[in-house]
Amino acid sequence: MKSFSRRRMLTAGIAAAAGAAGVIAAPKVVRRFGLAAPDCAGPYGPGEALTYAASRIIAPNAMAREFSRSWISKEPFANSLYGPIPAEFTKHKAEGFANWKIAVGGMVMHPTEFSVPDLKQMGRSSQITEVACEEGWSYIAEWIGTPLALVLQEVQPLAPARYLVYTSMRDGLWDSIDMHDARHPQTLLTWGMNDGDLPFGFGGPLRMRLPKQLGYRNVKYVHKMVFTDSLKGFGKGMGSANPEYGYSWYAGI
Amino acid sequence: MQPQPDARVVAGPRHGVVVRVTHWLTLVAFVALVISGVEIVFSHPRFYLGETGNVNMKPLFTLPVASSRDTVPTAYKYILPDQNGWSRYLHFEAAWLLLFVGAVYVVSGWRSGRFRREIVPQRSERNWRSYWGVIGGYLRVTPRREESKTSYNVLQRTVYFAVIFVAFPLMIWTGLAMSPAFTAVVPWCPLIVGGRQTARTLHFFLTWGLVLFFITHVAMVSTSGFVARMRGMITGGDGAVCADAVDAVKEGA
């Protein structure tokens, strides 16, 4: 390279400006490739679009870090619960969650209700993974549950299904994942923790476990799952209750 | 005959257009990252070493501030408003901008030889004597030598080098070490810095390092001819530096 001319510097400067423009245009680009996060709109849309699309493009099948037993936290922490408690939930709690069921429906061949024993019979998987909260704190625990992939085999999602919407009975929280995350081998419907039942505070009887995403996506007390081709009809259409509170839908970072 | 080259050097821009554009975009990203980062820290102003850490565990240190979460014990009776939603959206959006802008800056600086000419401390000056000479000059507030208008001294070079090639890369690295999706792809990312919580603590201290640089940088610019320096970084200004400009002029000649 002989020299670095003013023209070349101008070109590079334009490239830098184009990079910034590229960030702004990200939501439009990812939408084209079907990689758009449902909440990638507004001033923070470009960032969310890039983060989710990158997670899908760069090693989407990567496995969350797993630890040996000695790493299990002796002092895990569970967030307290907020908001009014639905009567239905109080009733289940009084029964010791013996009659807890999860209804799986929407775009599936066989809509089914599963009890916790049904899930246990279907299959068991365990993982020692870290739960990291968006606030910054974390702990490691062994999570025991039924791989969501096995549930998918039972209910047979239809071809157009693109998302799985899952809902908590306790606090009205609901969230969704794409089919890729739904089929990921580490995605569990968790009913056990550290060799015992899943404690109530940690989401027992049944909690969604997504070790590649932050804690708030791991919804507790799940009782309903719906497969869908579009998230438009759910809440404000942003894929989860979280964006309605200002939090991002995708939480892999 | 009078020697002419000096007049030609003075005719070139002080900073090339790549440096100018990336400089200001970096400022935008940096300010957004610091503001949103501070907001996020308020949700858990406790820091730990190792892989895990939460309010049930002993922190390395706790900041003497109130928290935006009632689960965090602090010396204050009030809870700050939760700002994590937009802060996290903005933090990662700004991080993307910084990543793109940084890539353009580094590639252009490397290919043009600008880093070698202006940032890497010159071989002849890599000794304590040179450093003490510069520091002594600053302390005595001696008038700057002519050449310091056209080139960076060894202390400036060392600090710029550390910011560009140590602090910012470590900042990105420790940030990614907190991402459950990224660490799934690169599991040794948090390992080599000592775990997820150590990465978070380093991220915090590196922020202070960069903020300190920012304050010093602005102070130095203000005391060494603020208007001329700002002109240099906005329009390119006249008079100066840089070998890029010399090349450009030579080429035109």
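Modeller: Let's start with chain B: 35% of its 253 residues are buried. Mind that this is a predicted model, in which local features need pLDDT of at least 70 and side-chain atom pairs count only at pLDDT 80 or more, while totals for chains, interfaces and linings use all residues. Residues are numbered from 1 along each chain as its sequence is written, and chains are lettered from A and ligands numbered from 1 in the order in which they are written.

Biologist: What makes a residue buried?

Modeller: Counting neighbours: with 20 or more other C-beta atoms within 10 Å of its own it is buried, with 12 or fewer exposed, and in between partly exposed; the C-beta atoms are placed from the backbone. By that count, 49% of the 253 residues of chain A are buried.

Biologist: Why is Tyr247(A) called buried?

Modeller: Tyr247(A) has 21 other C-beta atoms within 10 Å, so it counts as buried. Leaving out residues up to four places away in sequence, Tyr247(A) touches Tyr216(A), Asn242(A) and Gly85(B). Touching means that the C-beta atoms, placed from the backbone, lie within 7 Å. Tyr247(A) and Asp39(A) are 208 residues apart in sequence, yet their C-alpha atoms are 9.5 Å apart in space.

Biologist: How many residues of chain A are in contact with chain B?

Modeller: 54 residues of chain A contact 48 residues of chain B. On the chain A side, α1 (6-32), α2 (45-57), β3 (125-132) and β4 (138-147) each supply at least two residues. The largest share, twelve residues, comes from α1(A). That side of chain A divides into 29 nonpolar, 17 polar and eight charged residues. Here Ala, Val, Leu, Ile, Met, Phe, Trp, Tyr, Cys and Pro count as nonpolar, Asp, Glu, Lys and Arg as charged, and the others, Gly among them, as polar.

Biologist: How do you know that the span of helix α3 (residues 84-111) of chain B agrees with what it should be?

Modeller: The expected span is 1.5 Å times one less than the number of residues. For the 28 residues of α3(B) that comes to 40 Å, and the end C-alpha atoms are 40 Å apart, so the two agree. After α3(B) comes Gly113(B), with a positive phi near 80 degrees.

Biologist: Which residues of chain B does UniProt list as "transmembrane region"?

Modeller: The unreviewed UniProt entry lists 21-42, 89-107, 159-182 and 202-221. Those positions are in the numbering used here, feature names are shortened, and annotations may be inferred rather than shown by experiment. In the model, residues 21-42 of chain B are 100% helix and 0% strand, with end C-alpha atoms 32 Å apart. Residues 159-182 of chain B are 88% helix and 0% strand, with ends 30 Å apart.

Biologist: What makes two strands a pair?

Modeller: DSSP has to find at least two bridges between them. In chain A, strands β1 (residues 101-106) and β10 (residues 222-228) have four, in the parallel sense.

Conventions:
Contact = placed C-beta atoms within 7 Å.
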